[in-house]
Amino acid sequence: MSHDAMPPGPSASRRAEATNHGRKKEQKRKHKGLKITLGVLLVLLLAAGGTVWWLYSNLDGNIKGVDINKALGEDRPEKLPTSGQNLLVLGSDSRAGAENKELGGGGSVSGARSDTAMVVHIPEGRSRAVAVSIPRDTLVTRPECTKADGSAVPSANRVMFNSVYSQVGPACVVKTVEKMSKVRIDHYLEINFAGFKDLVDAIGGVTVDVPQDIHDKSSGLDLTAGPHKLDGTQSLAYVRTRHGIGDGSDLGRIGLQQQFMLALLSEVKSQDLLGSPTNSYRIANSATKSLTTDSGLASLKSLADFGRSMNGVDPSTMETIMLPVEYDKQDPNRVVAAQPQAGDLWKAIRKDGTIPESAKKSPATGG
C-alpha cells in the first residue's frame, strides 16, 4: 500500500476533528451574531415604525373634514368627463381662539368669514392651472342650504359672498359657487389665520416683489416697492391689506393675494423636503393642523396622493384671474358679476377650454 493510500494516523484524525469542531463553533458564533443583529434591527425597525406611525397619526388627526357630497346631495352641476379637477380654496378669518383673534386684529367681529376665495381649475393632464378669485364683496344669490345641525336656511338674494360662510357654513359656500358658475367643485380646502402664519414661518418666509409702497395703518404693514422676504405675520397682513393699496376696496388686494399664493407654492416646491425630514414634518404639521377639507381629502394619504398628482403643475405657469365684476348700481361699495364676461369665464372652465381674453377683464378694477 502506498504512503498516500494509508489511513490517517491518530494525530491527523485529531487535527481533522479539531478543525471540524472549530468550523461548527465559528458557524454557531456567526449564527448567534446574525440572530443578535437581526434582533437589534427588528427592535430598531419597530421603534422607527412606532415613531412613523405616531407622526402619521398625529398629522392625520390634524385634518378636519366636511362631507360636502352628503350636505349637497344630488342638486349639483354635472361632473363632465373632460372637466379636470376644480378646488374651492378659502382663507378663513375665524376669530375663534386667542391666536386667531390677535392675528385678525381683534375688533368686535364675531364668528368667521371667508376672507379669501379662489376656484382653482386643473385641466386634464394636470400640467397647468388657473385660479379665479371671487371678491368677498360680490353680491350673490345664496341658494337654499342646510346647516351642520340639520336646520334649513332659505335662499336669499343680494347677500355678500363672504357672509355665506359665517351664516351657513362651508358646504353652502360650495353650493353658492356651483350655482353661480355651474362648475362642479371636486374638492374643498380651507386654511385659517393662525395656520397661514405658522405655515409661512415653517418654510422660512416667502419672498414677494411688492408692486408699490404700502403703508397700511390698519394692519401695521409698512413696505416699500421691491422684493421683500415676509414672515408669517407680515404675510398675513400683506394678503389682507385693503387700505394700503388701490381704492381701499377688496378688489385692490386680490392681485396681492394671487401673487402671494404663487410665491408660496414656488417656495414650497423649491425646498428639499426629502432631504430634511425634520423640516418636512414641521411644514406638514403646520399645514395639516390648520386645514379643513372635504371628506375625500381629509387624510394624510389622500392629501399626499392628490399632491403627487399635481407635481406636473408649475406655479410659474399658473394663470390668475379675478372674476369679472362691475360696481353695483344700488350700492357702489358692492360689486356684481359682470356679464357676459363672467359667464364666458365659467363656461371655458366647465369645458376645459381656452379662456377668452375678454373674460379676463373686469369693468370694476379697484386696483
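View 1. In helix H10 (residues 300-309), Leu 300, Leu 303 and Phe 306 are buried. They lie on the same side of H10 because they cover an arc of only 135° around the axis; the arc is that of the directions from the helix axis to the C-beta atoms. Lys 301 and Arg 308, on the other side of H10, are exposed. Buried means under 20% relative accessible area, exposed over 50%, and partly exposed in between (1.4 Å probe, protein chains only). Helices (H or I, at least four residues) and strands (E, at least two) are DSSP runs, numbered from the N terminus.

This is a predicted model, in which local features need pLDDT of at least 70 and side-chain atom pairs count only at pLDDT 80 or more, while totals for chains, interfaces and linings use all residues. Residues are numbered from 1 along each chain as its sequence is written, and side-chain values use heavy atoms, with hydrogens and water left out.

**View 2. The crossing of helices H6 and H7.** The axes of helix H6 (residues 193-202) and helix H7 (residues 232-240) come within 8 Å and cross at roughly 125°. That makes H6 oblique to H7. Axes are lines fitted to C-alpha atoms, for helices over the stretch in contact, and angles run from 0 to 180 degrees between N-to-C directions. Angles under 35 degrees count as roughly parallel, over 145 as roughly antiparallel, 65 to 115 as roughly perpendicular and the rest as oblique. From H6, the contact (heavy atoms within 4.5 Å) is made by Phe 193, Phe 196, Lys 197, Val 200 and Asp 201. From H7, Gly 232, Thr 233, Ser 235, Leu 236, Val 239 and Arg 240 take part.

View 3. The peptide bond from Gln 339 to Pro 340 is cis, with omega near 10°. Pro 340 lies in the loop between strand S17 (335-337) and helix H11 (341-350). Most peptide bonds are trans.

**View 4. Arg 158, with a positive phi.** Arg 158 is found in strand S8 (residues 156-160). Phi of Arg 158 is near 50°, a positive value in a residue other than glycine. With 39% relative accessibility, Arg 158 counts as partly exposed.

**View 5. Asp 352, with a positive phi.** Asp 352 is placed in the segment after H11, and its phi is near 55°, a positive value in a residue other than glycine. Asp 352 has a relative accessible area of 18% and is therefore buried.
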